[in-house]
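Hi,

Here is the structure I promised to pass on. Have a look at it first, and then read my notes below.

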Amino acid sequence: MDLLVEALRGLFTYVDTLPSSIALRESQYVMPWVFVLHVVSMCMFAGTILMMDLRLLGVGNMATPFSQVQRRLFPWQMAAMFISSATGLALVWGNPLNYVTNIIFW
């Protein structure tokens, strides 16, 4: 286990020294926009799941069959998941040493 932790720490330290990581971290405009996109996409992902769950529970949007609700929301859900994943990776890439010891991240 300690060997794995040390390997991950070494990897994250290496990524921290890469020029692209430094540029992303020191960017005045890019990093805040990555944060904004990450939060918005996570909210969009959670919202589409909530809309589908409410329909399955029989609480919301009862006039529309679930198959139509799912067909309409699924592309938005997948787009939000992709954007959230990409921006999450960018956040870790830009500041990896903040995440290597963060228990909530793991």
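**What I found**

Following the chain of this predicted model, the pattern reads α-α-α-α. In total there are 4 helices and 0 strands. The radius of gyration is 19 Å, well over the 13 Å that the globule rule gives for 106 residues, so the protein is more spread out than a compact globule. Along the principal axes, the C-alpha atoms fill a box of roughly 55 × 35 × 15 Å. As for burial, 26% of the 106 residues count as buried. Among contacts with a separation of 6 or more, 67% come from residues 24 or more positions apart.

Now to the start of the chain. Helix α1 (residues 2-17) packs against helix α2 (residues 19-26) at an angle of about 70°, and their axes are 5 Å apart. Since angles of 65 to 115 degrees count that way, α1 is roughly perpendicular to α2. On the α1 side, Val 15, Asp 16 and Thr 17 make the contact, while α2 brings in Pro 19, Ser 21, Ile 22 and Arg 25. By type, these residues are 3 nonpolar, 2 polar and 2 charged.

Helix α3 (residues 30-57) may interest you too. Its 28 residues reach 40 Å from first C-alpha to last, close to the 40 Å expected at 1.5 Å a residue. Which residues of α3 are buried? They are Met 31, Val 34, His 38, Ser 41, Thr 48, Met 52 and Arg 55. The cover over them includes α2 and α4 (66-94). After α3 comes Gly 58, with a positive phi near 80°.

Best wishes

Conventions
Residues are numbered from 1 along each chain as its sequence is written. This is a predicted model: local features need pLDDT of at least 70, side-chain atom pairs count only at pLDDT 80 or more; totals for chains, interfaces and linings use all residues. Side-chain values use heavy atoms; hydrogens and water are left out. Axes are lines fitted to C-alpha atoms, for helices over the stretch in contact, and angles run from 0 to 180 degrees between N-to-C directions. Helices (H or I, at least four residues) and strands (E, at least two) are DSSP runs, numbered from the N terminus. Angles under 35 degrees count as roughly parallel, over 145 as roughly antiparallel, 65 to 115 as roughly perpendicular and the rest as oblique. Contact means heavy atoms within 4.5 Å. Ala, Val, Leu, Ile, Met, Phe, Trp, Tyr, Cys and Pro count as nonpolar, Asp, Glu, Lys and Arg as charged, and the others, Gly among them, as polar. The expected span of a helix is 1.5 Å times one less than its number of residues. Buried means under 20% relative accessible area, exposed over 50%, partly exposed in between (1.4 Å probe, protein chains only). The radius of gyration is taken over C-alpha atoms; the globule rule is 2.2 Å times the number of residues to the power 0.38.
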